[in-house]
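Have a look at the structure first.

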Amino acid sequence: MNADVVLAAKDGCRRSLARTLSALENNTLDIVNALSIIGEINSDNSNDSSWRIMAITGAPGVGKSCFVDKIISQWASQGKKIALLAVDPSSSRTGGALLGDRVRLSVVDDRMLKDMVYVRSIATRKSSSSVPVVISDMAKLLLALGWNKVLVETVGAGQSEVRCAAIADRIVVVEGPARGDGIQAEKAGLLELADAVIVNKSDMVGARKHADEIKESFELGDGKSPPVLLTSALTGDGCQYASDVLLNLQSTGRSSKARWRERLLAGLEQKLLQNAQLESVLSSLASGSIDIDEALNKLNN
Amino acid sequence: MGAMIRVVVAKPGLDGHDRGAKVVARALRDAGHEVIYTGLRRTASQIVETVRDEDASFLGLSSLSGAHSHLFPKVCEELRQAGLNDVVVFGGGIIPSTDRQALYTCGIKAIFGPGTSTSEILRFIEVATEMDGVGVGESNDWYWQGD
């Protein structure tokens with residue numbers, strides 16, 4: 001990867017920015033090199049006073065993209081430069097992906113705001129989770145290039161999909177109405193790690209009840225409860241308030257060990273996927289010439 | 001991990017017919033490419049900005065409204081103005097044969113009408129990827145003339 005492209009990205013060339021991100025994604029550029037070219041220090045962004053990377057996660061179809069569109073236009077019109085990394089799944093069979101989050105984003109069409117917003121669609125590729133680990137490097141690059149906040153919209157995620165904790169300072173879980181009774185809110189998983197919960201589609205029946213159930217569930221637990229907010233990305237109800245709350249969102253400080261566990265797992269997975277022997281070990285496994293223990297030994301060396 | 005081929009599939013102008021675009025997007029996905037779909041009713045500038053920000057190497061334009069002779073050249077011109085000279089542009093939809101030569105001249109590298117097999121589109125992507133200088137602002141005046 002040519003250093004000139006990275007420098008052009010630093011000068012504000014959007015195409016060079018896109019190319020630099022591709023190079024990170026394709027593993028032809030190392031984030032440490034990129035940051036040294038830019039001349040920014042690779043600092044730890046996860047201090048508690050202000051966040052820089054926020055994950056927006058939740059089940060498919062609850063309105064993550066539409067909600068993200070609303071909060072980005074609020075923040076951009078307040079003068080914040082916002083980058084959105086929108087993740088959609090790759091086919092595990094063919095490796096291809098249909099990245100459709102842009103269909104829901106109207107903020108990029110706003111002539112007044114579009115220079116304040118950068119949107120990049122990302123496929124999960126070989127990653128096993130709802131956010132590929134390389135997102136973390138892409139976010140670091142964007143921050144070093146002067147983008148104020150990076151939002152990561154995950155693949156529509158299930159109850160136990162908590163890998164986004166590995167890459168984000170803050171986690172926002174988007175829920176919809178009528179997504180099960182109070183017992184669903186009691187179950188372990190994603191909600192335990194949330195710094196805020198958005199119950200979207202408040203224009204539909206059951207949203208308020210679901211929000212109350214989640215609040216109740218949080219009140220049973222220890223420590224600081226995350227805010228639970230009702231919004232309708234369709235009508236815009238509650239979106240301005242939600243965007244103000246999220247912009248200054250504090251970490252609940254819960255589950256910090258669980259977050260570090262996710263970071264560790266994500267780091268290990270990235271190492272495994274980058275291992276030069278991975279393909280040959282996979283072939284040996286598939287042909288039956290080695291078993292899984294031997295494979296792990298080989299990859300550990 | 002090698003570079004994936006990233007393709008933007010776009011619907012320029014006032015045209016609500018997206019079945020064709022979706023079929024092409026699906027075929028490209030199933031062939032292992034990453035497809036960014038823009039949704040309906042995009043302007044030329046919106047499409048060019050999407051190609052730029054998504055670092056796509058191909059752009060597929062679909063039009064069934066009859067406005068292709070206005071919209072396709074406009075998109076090609078704006079791509080060149082934005083310095084996206086190496087992007088390969090192809091088109092599809094209802095495009096009469098009498099309109100096609102002018103579109104090839106403005107930089108469209110393939111036109112796929114009704115009845116085209118998706119495998120032909122995939123072969124075009126394969127062939128164009130191997131060729132040099134076939135981007136919208138580059139000198140090679142080759143265009144796809146079928147198998």
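What follows covers the sheet, its strand pairs, a helix and the chain contact.

This is a predicted model, where local features need pLDDT of at least 70, side-chain atom pairs count only at pLDDT 80 or more, and totals for chains, interfaces and linings use all residues. Residues are numbered from 1 along each chain as its sequence is written, while chains are lettered from A and ligands numbered from 1 in the order in which they are written.

**The sheet**
- An open sheet of 6 strands runs in the order 3(A)-2(B)-1(B)-3(B)-4(B)-5(B), with parallel pairing (strands are DSSP E runs of at least two residues, helices H or I runs of at least four, numbered from the N terminus; a pair needs at least two DSSP bridges).
- Strand 3 (97–99) of chain A and strand 5 (108–112) of chain B sit at the edges with a single partner strand each, so one side of each has no neighbour in the sheet.

**Strand pairs**
- Strand 3 of chain A and strand 2 (residues 34–37) of chain B run parallel, joined by 3 bridges; here Ala97(A) has Glu34(B) as its bridge partner.
- Within chain B, 4 bridges link strand 1 (residues 6–10) to strand 3 (residues 58–63), again parallel, and Val7(B) stands opposite Phe58(B).

**Chain contact**
- 25 residues of chain A are in contact with 24 residues of chain B (contact: C-beta atoms, placed from the backbone, within 7 Å).
- Helix 2 (14–25), strand 3 and strand 4 (117–123) of chain A each give two or more residues to chain A's side, with helix 2 of chain A giving the most, 6 residues.

How values were computed:
Contact = placed C-beta atoms within 7 Å.
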